[in-house]
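Dear colleague,

Please read them with the coordinates open beside you.

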There are 2 protein chains.
Amino acid sequence: MSKLKTIGLDADDTLWHNEQFFRLTQQRFAELLNDHADQQALIDRLEAAERRNLGHYGFGVKGFVLSMIETAVEVGGDQVPASVINELLESGREMLRHPIELLPGVAETVAELAESHALVLITKGDLLDQERKLAQSGLGEMFRAVEIVSDKTPDIYARAFAGFDGGVEGAMMVGNSLKSDVLPALEAGAWGVHVPHELTWSFEAATPPVDHDRFHVVPGLPDLAPLVQRLS
Amino acid sequence: MSKLKTIGLDADDTLWHNEQFFRLTQQRFAELLNDHADQQALIDRLEAAERRNLGHYGFGVKGFVLSMIETAVEVGGDQVPASVINELLESGREMLRHPIELLPGVAETVAELAESHALVLITKGDLLDQERKLAQSGLGEMFRAVEIVSDKTPDIYARAFAGFDGGVEGAMMVGNSLKSDVLPALEAGAWGVHVPHELTWSFEAATPPVDHDRFHVVPGLPDLAPLVQRLS
């Protein structure tokens, strides 16, 4: 059995809060437009627009704002005042400058893991935004490589881990999304570790692969240490 | 004197047309809003918005569309109909699905250079969009590495070339932007080769470093071969 050499870590909602800012902005969006449709209908239409646009925009704040504006004019037509469009633009810029907040125990855990293993950050989203958040986190030095990717596929994981001692079979991917962090990493031949976050975007939902012998769940990032020790 | 081992290539307007699509969309933007301001004033305000937002949005189509919408509501206020916002959104999606068109002689030149040198693609823009264009170009296999970066700085070039035989001193960066492709590459210690394109975004203008002994200009990518041969 191969030993664990490399640990891949997701960023948003694994190292720091993220989804809560999308939820707050979505809430503000629904309030701004509540003359035109009820809240749930607005949020459903926004999600439909996000899904429809994913192939064009990819993941991240800029695409989210474009989908909010699209939905606003879809439901409100010419009745949507300029001030609402401006508020949606401003809420996006606000997300893009919001200071990050590390999840509990993350700084200590990442520093500890970096002493014994090669750490790789693997994240989706807008390039500049993810770089900004990493720089602000103070964790940049802990990672041997940073991969900001347009999607998380088995192939992406195979390539991200290929250059490291032990290759993909000696690697583990850790994150809050079963769909993006765990399932494709398992398919690539790595370990897949789920660290659930109370807020996870509906697009990231998937059935836990409970029978897979390389699948693990830990309640929080600090709980990773014993598992890492056992596999190394 | 170090010998040339690695060639970095810019993508937009070096390998394929790009700026022309921004200009066409900008034109359409100015026509859509010509009840509210004259064309040049609209384009000036759009450029001011792009500059203002660069630190938030970075480079690429999504940020461009957000700046167009911002400028539209800035000049038109509540008078901007939903149909105009929709057209701006649609023009962005159109740019994001527009088939790429290689510049003359690019396919042959890149294939030839790849036989003797390590090629690295180094480009700014939206992650997913740049990946799409590279996949569509059919040139993906020619590159040893692809770096989609949020900005082009001396440090980015130093890191991009560090892993290759000959390091940054044995590397050349080739592109249509003096500001992004040539000057920071020279500062990092590489050769900097300017391949002018008739359309270059105003943000990318800079004074040619005519006295630098590692600076070269070639009229088109196919004219790179003799220079590469001489330096290798």
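Which side chain does Arg23(B) meet in a salt bridge? In this model, which is a predicted one, the partner of Arg23(B) is Glu19(B), with 2.9 Å from N to O. Both residues belong to helix H1 of chain B, where they are 4 residues apart and therefore separated by about one helical turn. Arg23(B) is partly exposed at 32% relative accessibility, whereas Glu19(B), with a relative accessible area of 7%, is buried.

Salt bridges that share partners also build a network, which joins Arg45(A), Arg52(A), Glu70(A) and Glu74(A) with Glu90(B), Arg93(B) and Arg97(B).

In chain A, Asp181(A) and Lys152(A) form a salt bridge through their side chains, at 2.7 Å from N to O. Asp181(A) lies in helix H8, and Lys152(A) in the loop between strand S3 and helix H7, so the pair ties together parts of chain A that are 29 residues apart in sequence. Asp181(A) is buried, with a relative accessible area of 1%, and Lys152(A) is buried as well, with 6%.

A further salt bridge pairs Lys5(B) with Asp165(B), whose closest N and O atoms are 3.8 Å apart. This pair links distant parts of chain B, 160 residues apart, since Lys5(B) sits in the segment before strand S1 and Asp165(B) in the loop between helix H7 and strand S4. Lys5(B) is partly exposed at 37% relative accessible area, while Asp165(B) counts as exposed at 57%.

Over all chains, a search of the whole structure finds 36 salt bridges.

Definitions and conventions:
Residues numbered from 1 in each chain as written. Chains lettered and ligands numbered in written order. Predicted model: local features only at pLDDT ≥ 70, side-chain atom pairs only at ≥ 80, totals over all residues. Heavy atoms only, no water. Salt bridge = Lys/Arg side-chain N within 4 Å of Asp/Glu carboxyl O. Helix = DSSP H or I, 4+ residues; strand = E, 2+ residues; numbered from the N terminus. Buried < 20%, exposed > 50% of the residue type's maximum accessible area, 1.4 Å probe, protein only.
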